[in-house]
Amino acid sequence: MHDNHTLIENRVARVLLERVHPAIHRPVAQLEITAWHVQGGRGEPVQPEIALPGGDPDEAAAAGVDYVPFAVGEPWGPAWGTTWFHITGTVPPEASEHELELVIDLGWTQAMPGFQSEGLVYRPDGSVVKALNPRNVWVPLDGQPGDTIDLYVEAAANPLLLDIQFQPFVPTEEGDRLTSSPKPLYVLNRADINVFHRDLWELAADLSALFQLQAELGLGEPRRWNILRALERALDVLELSDLPGTAASARQELVEVLSAPANASAHTVTAIGHAHIDSAWLWPMRETVRKVARTSSNVLNLLEGDDSLQFAMSSAQQYAWIKEFRPEVFERVKAAVVDGRFVPVGGMWVESDTNMVGSEAMARQFVHGQKFFMENFGLHAQEVWLPDSFGYSAALPQIVTLAGAKWFLTQKISWNQTNRFPHHSFDWEGIDGTRVFTHFPPADTYNSTLSGTELAHAVRNYRDKGASNHSLVPFGWGDGGGGPTREMLQQARRTRDLEGAPKVVIRTPAEFFAEAQAEYANPPVWKGELYLEQHRGTYTSQGKTKQGNRRSEHLLHEAELWATTAAVRGVAEYPQAELDRVWKLVLLHQFHDVLPGSSIAWVHREAAERYRQIAEDLGAIITASQQALAGTGETEIVFNGSPFARDGVPSYGGVVADGPSAKVSAMPENGGFVLENSRVRVVVDADGTIGSVRDLAADREVLPAGESANLLQLHNDFPNGWDAWDIDEFYRNTVTDIRDLDAIELTRTADGAATVRVTRSFGASRIVQNITVGPDSATIDIDSSIDWREQEKLLKVAFPIDVHTDKAEFETQFGHVVRPTHENTTWDAARFEVSAHRWVRVGEPNYGAAIVNDSTYGHDVTRHKIENGSSYSTVRLSLLRGPKYPDPLTDQGEHRIRFALVVGADVSRAVEAGYAINLPERRVFGASPVEPIARISGAVVLETLKLAEDGSGDVIARVYEPLGVRAAATLEADFAVDSAWETDLLERKLDGRALESVVDGTLGLRLRPFQIVTVRLKRAG
């Protein structure tokens, strides 16, 4: 027999595209349309009751509600505008014999279904029908001939800002309503009443499933030819001039090939409905509120019409938005959760970044997420769901386990540019040794359509064959695409038990994980971080957002500390509700496209405004608490919010301020200056860089001979794509050292410190740096004010350190990671830009130095040859970038960035200095010193003091071991303690082994390396 498979395939493809799909809906009547363009199409969304009949007429009049005649073919919707369409008509006679649906096309293209206009359909009483999306254009129509059709569509004119098929990363001003164009973006293409030909729709699904399946089989496979011949027979039977009338006969020709069961050894794919909705990205948060409501409405409509669907949704924040803004939809969601078909997953407030989120904030993502799930649904999520974050901290396994989760899911590591990850199912081990069973869906997507191509790829790609035969795939259009579709459920039904395909079963993630973990009795272990070999620029882009996050985290630390202290001392009420509100706002902005700096200008403009308000609100709590503690008086009290004592001020206490210390010696030398105290001698050269740092106690030069520290370096920064996300390795091929200066001068401060002020201009930018050495300090502080006007450039600052090592320590949540700095393997070389929190340290076994910072996350550490045969390491901080997409003015403007060189630092000193630069002392006038309510002894950190989430008044103390060693510690409470016990992060009693004794408010603790321990102290009385 001749090989005519291409002929058959082309025939099927054309018939499906040009005949079958267009004929599924047959228009039988038109609809009448009027439209209200909110504030001329440029206004912000209004509440539905304003636009719908029956609302307050005064509110409607104030909003300018005015529906005017509108017709198919007319334009609508400037970027970010909202138009309400009123759709009316009469159910036609065809309703007596046929199934009818409305088809409404708001003007979509078929590309990027989640990134265009969307709509939500309402009844006049305000109840929701379903959403309208590019792949979901139908609206159910019930009723008898002659009945009235009366619906409203809230249509959002979201601009397409990522055209992945053509030029995806073109700079645009459409990303902010303040700069977007007033021109309409869309044309209403269609709004009519249709006969829905269900047999033809089912035939389309049959043809598509078999067509996609056979394309994945080899030409030598009999199964492929059986399918091809059946497809050919079906098309022979199908009369193109009478598609609805011959669809059933054509389907009969496919029964045999659709009934052939899957192979006994076929891979099993757990399919779960899903819609990954970014809480902000190429749209503002206010639009995400509507996206979530639209998608949930679609899912609920589909759940009611198809018993096979189960749907998983993460992010407590998104449920909270539905609850607040669409309470009627939320009640339906709750009912579906009870039925086990709408499944809350993740247990986090949002799908956050995990590289840059601070220790306590990472814990609170789970505290607040799991708390919302328990309060509203009576459950805790068991699986952490982070399919799209840009790499995963090595601290996570312990954190997620302490938050009540057992499993972890992501697929983002499939984006690696260099190395293919060796597993899809494995145990992931964190810095403390905790392991969590982890799965990477081998379909390499969280927006699957369950196509034959995706399912075949999942099977071929799965790297744990022979030991495990199960994988998971989330299916549904994400973002604004509307979630799973009924066509996807058709595909799932056809591949449930089909020869040549994996067995597709729709079930919950928890069911998948339980079975997959039981099957894989001895999974491989991956130790350490899950580093994403892409999107390295997200450690630096949008510096003000990152600075706002860092500052907010530490302000929350202080606000809780001093408010707790004041409450325990009985001088103030604990502001639980206000702290809860602020925490949730901070957690929201840690979403994995906000904190990483990869959202549109609108998002980051609003983030800056919110961070300013957060600082004001938390500042008020801190000031009020400290004032209540200090009392009324004229004595200056110094408060220390760091977990380490400093300058005579105890950790978490306040003392009467001392007078100034001895002055630092400062002398001019060779056009520069020499600053010297009892611990260090620092030479600032004539070009404003640091030419020498002498550790006087160790009698050792810190810098390599001939090298300069605090050297600003400028790189070209134009990656191959994903501008705000990526730094590509070739950026290092060109570099400009910034040594020219405008001025250098010496100043002094009242506390005896000496400062060299250096002013430079480069390109269109200007930087003023204050290089300060304080009395008796081994830290060189550098405070940089930068007017940044460069674009597609990367600004780094370099600190060469004369230590011979092939590794460096980088702070992460509740500890640190050690990364190699050599490039022996492709895995090592790919880490040319990495994240760290407050400090990075390099050192030899008996000596080292650290660089600490107040808002920087991106770093690189490299090794360099010394002529005598040794090597030195250079630590560089990434200060600012200037990508043009998606925000064309990323980072342009004024910045203040602080960092410091800590001389002779071991890890313990690095930890202490990291806290110090982020938690400056505060001064309040009052009557008396303030004793800490808790003290810790031993080599552990008392990270958090707060009152319990349940409002009981119990004190929560969270400690961790920062050095990677076993440690004994004593926690001494300075208040009457009735009892104390160990808890998890959710403040539930934990049968742990860290709390060894409790005697009169003194707690004996013993911690493993990097262990996090939370204790709950019930106050007596």
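1. **Second largest pocket.** α4 (198-215) supplies the largest share of the lining of the second largest pocket, eight residues. About 1,400 Å³ of space lies in this pocket. Its lining has 38 residues; closest to the centre are His21, Ile24, Gln110, Arg135 and Glu487. The elements giving two or more residues to this lining are α1 (5-23), β6 (100-105), β12 (190-196), α4 and α14 (486-494). By class, the lining holds 19 nonpolar, twelve polar and seven charged residues.

2. **Terms for that point.** A pocket is an open set of points on a 1 Å grid over the protein atoms alone, with protein on both sides within 12 Å along at least five of seven lines; a cavity is a set where a 1.4 Å probe fits but cannot get out; lining residues have an atom within 4 Å of a point. Points are joined across faces, edges and corners, and a volume is the space filled by probe spheres set on them. Nonpolar covers Ala, Val, Leu, Ile, Met, Phe, Trp, Tyr, Cys and Pro; charged covers Asp, Glu, Lys and Arg; the others, Gly among them, are polar.

3. **Basis.** This is a predicted model: local features need pLDDT of at least 70, side-chain atom pairs count only at pLDDT 80 or more, and totals for chains, interfaces and linings use all residues. Residues are numbered from 1 along each chain as its sequence is written, and side-chain values use heavy atoms, with hydrogens and water left out.

4. **Overall build.** The protein has 20 helices and 53 strands (DSSP runs numbered from the N terminus: H or I of at least four residues, E of at least two). Its radius of gyration is 31 Å, close to the 31 Å that the globule rule gives for 1021 residues, so the protein is as compact as a globular protein of that length. The radius is taken over C-alpha atoms, and the rule is 2.2 Å times the number of residues to the power 0.38. The C-alpha trace spans about 95 × 70 × 60 Å along the principal axes.

5. **Burial.** Of the 1021 residues, 62% count as buried (under 20% relative accessible area; exposed is over 50%, partly exposed in between, with a 1.4 Å probe and protein chains only).

6. **Largest cavity.** The whole structure has ten cavities of 30 Å³ or more. The largest contains about 210 Å³ of space. It has 18 lining residues, with Ser359, Glu553, His554, Arg838 and Glu943 nearest its centre. α16 (543-569) gives the most, five residues. Its lining divides into five nonpolar, six polar and seven charged residues.

7. **Second largest cavity.** This one holds about 140 Å³. Among its 15 lining residues, Pro820, Thr821, Arg831, Phe832 and Val861 are closest to the centre. β42 (858-865) gives the most, three residues.

8. **Backbone points to check.** Most residues other than glycine have a negative phi, and most peptide bonds are trans. Aspartate 444 has phi near 60 degrees, a positive value. Aspartate 444 sits in the loop between β19 (435-439) and α13 (452-461), and is partly exposed at 28% relative accessibility. Aspartate 479 also has a positive phi, about 55 degrees. Aspartate 479 lies in the loop between β20 (470-475) and α14, and is buried at 6%. The peptide bond from tyrosine 885 to proline 886 is cis, with omega near 5 degrees. Proline 886 is in the loop between β43 (871-881) and β44 (893-902).
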